[in-house]
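I am opening a notebook on this structure, and I want to write down what I look up in the order in which I look it up.

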Amino acid sequence: MAYGAVERPVGAAEEIGTLPPRGEEVLTPEALTLLAELHRKFDAQRRELLDLRLERQARFDMGERPDFLDETAAIRAGDWKVGPIPSDLIDRRVEITGPVDRKMIINALNSGARVFMADFEDATSPTWENLIEGQVNLKDRWTGRLDFTDPSSGKHYALSESPAVLLVRPRGWHLPEAHVHVDGQEVSGSLFDFAVYFANNAKAALAQGSGPYFYLPKMESHLEARLWNEVFLHAQHALGLPAGTVKATVLIETLPAAFEMDEILYELKDHITGLNCGRWDYIFSYIKRLGRRTEYLTPDRSVMTMSDAFLHAYSLQLIRTCHRRGAFAMGGMAAQIPVKGDRSANETAFARVRADKEREASDGHDGTWVAHPDMVGLAMEVFDHLMPGPNQLKRLREDVSISRDDMLKVHGGPRTERGLRENIRVGVQYIEAWLRGRGAVPLYNLMEDAATAEISRAQVWQWIRLRAAMDDGRTVTRGLFEQVMADEMSQLKRTLGPEIYDHGRFPEAIKLFVDMSLAEDFEEFLTLPAYRMLEN
């Protein structure tokens, strides 16, 4: 592969694909050297931890249930706290998330939210162009060069005087970065995203009164948190920064991790500020880890809300655990977006967001997530009213007592043809957009990301495998799925029009969704095979 204009130090990361514009500004010798060091020191451990996930899954399939760990009981019983929290992260009542394209970054930073999470993970399709552009945009934020003129409208966008605090979410441990090799191996997407951002921006962020702040996704154990802690220690030393400079928030969005929240906080205690309820991926993880067993057969996605069953239990457990340790307990995403041209539907969407945020603030969360700038004001109003202080760390929720059974309790509710159709329709459309390079996709008045497609295909897979009964008396079978799939795609083609449909990547998206829904073995992440299709 061409190496572009990047100067490569001896021993640095190598074999980079043709660089997008300004790529040499972020793939600096310092960034490539740090990435190579991290790969050589930690990648074997990363791969071992991914293997441990599969070993644990095999035990779940044999009947073992997730539970709190006996071997770490002393950590859960101990009296310890996380390290100091930077002043600009003390009040995080509303956070907005989104992909790393330039216009969206500016709008999110200017949205009025206290925090913006720039997302290299579920909201970004990891094309080489998207990743490099995102790193350039974030570097421009710290060097005062972040502005944008829309070529179609001529409108100019620039950073306000009081932008949101910036946190960055790298990709999960499971994802590779095919465009960069060290010693002939693809590097980890996690380490790539982290190393490039950290090497380019850590000192600049500190100089401007902030710091290198991160959101960490999709971990499944405290051992994976320990690995991140070791990465932080190495990177800080490499740049001459004190231990504890990096601050991270961990998304609890997998079922196994929910039983190790104390342990995750402990492993990262000098570098962590809190945990977050990553609700959509959590539903996906619940199905993935327990979905082969009939007692965990899930109902329609629409009835699995945060106010009931395993979702509410883990939310309360997260609040109690975090506040006991002096860490923030962040609420989950409101995926609703404004509904243009339909006042009634728009009012319904806003009412759902309000009710969700009122539940979070009342339960004791220290802040929440929204996906659209127009939802910031509503969420802020709720938390301003119910959380007058900067956070709720003093609400220890010692009244909360959550058992393993509470954490595993499945939601009640029907399985319907409508739910099956929604899974197919939304899942295929999201995958098709992802293959075209779009990671945050507005569909049916919700801002969807990769977790949407994961829930959709996981639930279809579970319903077919367990021959789930629907509310109309029919059984979900392969034949019914194929029939509904054909009908939905026919309707979608009529709705979009052949010009749009035929020039998209629908055949590939349909095949991937069908293959994964009908597979005998459950694929850990659909983004793994999909990633290999991005460049085709």
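**Entry 1, confidence.** I began with pLDDT, the predictor's confidence in each residue, from 0 to 100, and noted that its mean over the chain is 95, with 97% of the residues reaching 70 or more. Residues 1–5 have a pLDDT below 50, and I counted for this stretch 17 contacts in the model beyond near neighbours in sequence, where contact means heavy atoms within 4.5 Å. For the ground rules I wrote that this is a predicted model, in which local features need pLDDT of at least 70 and side-chain atom pairs count only at pLDDT 80 or more, while totals for chains, interfaces and linings use all residues. Residues are numbered from 1 along each chain as its sequence is written, and side-chain values use heavy atoms, with hydrogens and water left out.

I next looked up nonpolar cores, meaning sets of buried Ala, Val, Leu, Ile, Met, Phe, Trp, Tyr and Cys residues joined through side-chain atoms within 4.5 Å; buried is under 20% relative accessible area, exposed is over 50%, and partly exposed lies in between (1.4 Å probe, protein chains only). The largest core has 114 residues, and those with the most contacts inside it are F198, I252, L268 and L275. Helix α6 (residues 189–207) gives the largest share of this core, nine residues; helices (H or I, at least four residues) and strands (E, at least two) are DSSP runs, numbered from the N terminus. I then followed F198 and found that, leaving out residues up to four places away in sequence, F198 touches L34, P212, F214, A235, Q236, L239, L241 and V246. There is also a second, separate core of 41 residues, which includes A178, Y430, V484 and L526.

Grid points are joined across faces, edges and corners, and a volume is the space filled by probe spheres set on the points. The largest cavity is lined by 16 residues, of which E121, D122, L175, A450 and T527 are the closest to its centre. Helices α16 (450–465) and α20 (527–531) each supply at least two residues of this lining.

The largest pocket has a volume of about 1000 Å³, and among its 36 lining residues the closest to the centre are W280, S302, Q336, R352 and L446. I noted that α12 supplies the largest share of that lining, seven residues. The second largest pocket holds about 750 Å³ of space; T97, A371, H372, A440 and M447 are the closest to its centre, out of 41 lining residues. Here α4 gives the most to the lining, with five residues.

Most residues other than glycine have a negative phi. I therefore marked A309, whose phi is near 55° and which is buried, with a relative accessible area of 11%; A309 belongs to helix α11 (residues 309–324). Y444 also has a phi near 55°, but Y444 is in the loop between β13 (441–443) and β14 (446–448) and is partly exposed at 46% relative accessible area.

H237 and D150 are 87 residues apart in sequence, and their C-alpha atoms are 41 Å apart in space. I finished with Q317 in helix α11, which is buried at 12% relative accessible area. Leaving out residues up to four places away in sequence, Q317 touches F68, M261, I402 and M407.

Terms used: On a 1 Å grid over the protein atoms alone, a cavity is a set of points where a 1.4 Å probe fits but cannot get out, and a pocket is an open set with protein on both sides within 12 Å along at least five of seven lines; lining residues have an atom within 4 Å of a point.
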